[in-house]
Amino acid sequence: MTTELITTINTKEIIVYINNGVQKFVPITPICEAIGILVSYQVERIEDDALLGADFIQLSVADENETINIIPCLPIKYILGWIGSIVTTVPGEDYIENLDIYKEACYDAFYNYLTQTAVFYQEKA
């Protein structure tokens, strides 16, 4: 499995894991941390969603010290829908200032990543 950096938001690196050069999974933790929302609540929301929950995975990834970490991820095709569903008031959290700015930064980064990838595949064909 390889990784690609999509962007950095609030010092958090937003990456994509690529499995066999085809399947792409986006860890939700750095996005949650960049936006300032609880990862556990978002995992619960995703798992409870019929569409997102069906394809939600927890990847086992070794870090630089060979420690295995469990990383909650969504397939890249669902990431923008999930980001769009994040609201400014979340149970157990304060109002999230600048949420729309962070969401737009995520939208822009994923749009740029996806359109660059699409152009690359189109050029290869």
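In this predicted model, Lys103 is buried, its relative accessible area being 9%, where buried means under 20% relative accessible area and exposed over 50%, with partly exposed in between (1.4 Å probe, protein chains only). Because the model is predicted, local features need pLDDT of at least 70 and side-chain atom pairs count only at pLDDT 80 or more, whereas totals for chains, interfaces and linings use all residues. Residues are numbered from 1 along each chain as its sequence is written, and side-chain values use heavy atoms, with hydrogens and water left out.

- Lys103 sits in helix α5, residues 99-124; helices (H or I, at least four residues) and strands (E, at least two) are DSSP runs numbered from the N terminus.
- With neighbours within four places in sequence set aside, Lys103 is in contact (heavy atoms within 4.5 Å) with Ile83, Gly84 and Ile86.

**Nonpolar cores**
- A nonpolar core is a set of buried Ala, Val, Leu, Ile, Met, Phe, Trp, Tyr and Cys residues joined through side-chain atoms within 4.5 Å; the largest has 29 residues, of which Ile31, Leu74, Ile79, Trp82 and Phe110 touch the most other members.
- At least two residues of this core come from each of β1 (2-9), β2, α1, α2, α4 and α5, and α5 provides the largest share, six residues.
- Another core lies apart from it and has seven residues, including Ile15, Phe25, Val61 and Ile71.
- Leaving aside neighbours within four places in sequence, Trp82 is in contact with Ile28, Ile31, Cys32, Gln42, Arg45, Ile46, Leu52 and Leu74.

**Helix α2**
- Gln42, Val43 and Ile46 are buried in α2, residues 39-48.
- Viewed down the axis of α2, its buried residues fall within an arc of 105°, so they line one face of the helix; the arc is that of the directions from the helix axis to the C-beta atoms.
- Ser40 and Asp48, on the other side of α2, are exposed.
- The cover over the buried residues of α2 includes α1 (29-35), α3 (50-55), β4 (57-62), β5 (68-75) and α4 (76-85).

**Largest pocket**
- On a 1 Å grid over the protein atoms alone, a pocket is an open set of points where a 1.4 Å probe fits, with protein on both sides within 12 Å along at least five of seven lines, and lining residues have an atom within 4 Å of a point.
- The largest pocket has a volume of about 200 Å³, a volume being the space filled by probe spheres set on the points.
- Among its 13 lining residues, Ile15, Tyr17, Val61, Asn69 and Ile71 are the closest to its centre.
- β5 gives the most to this lining, with four residues.
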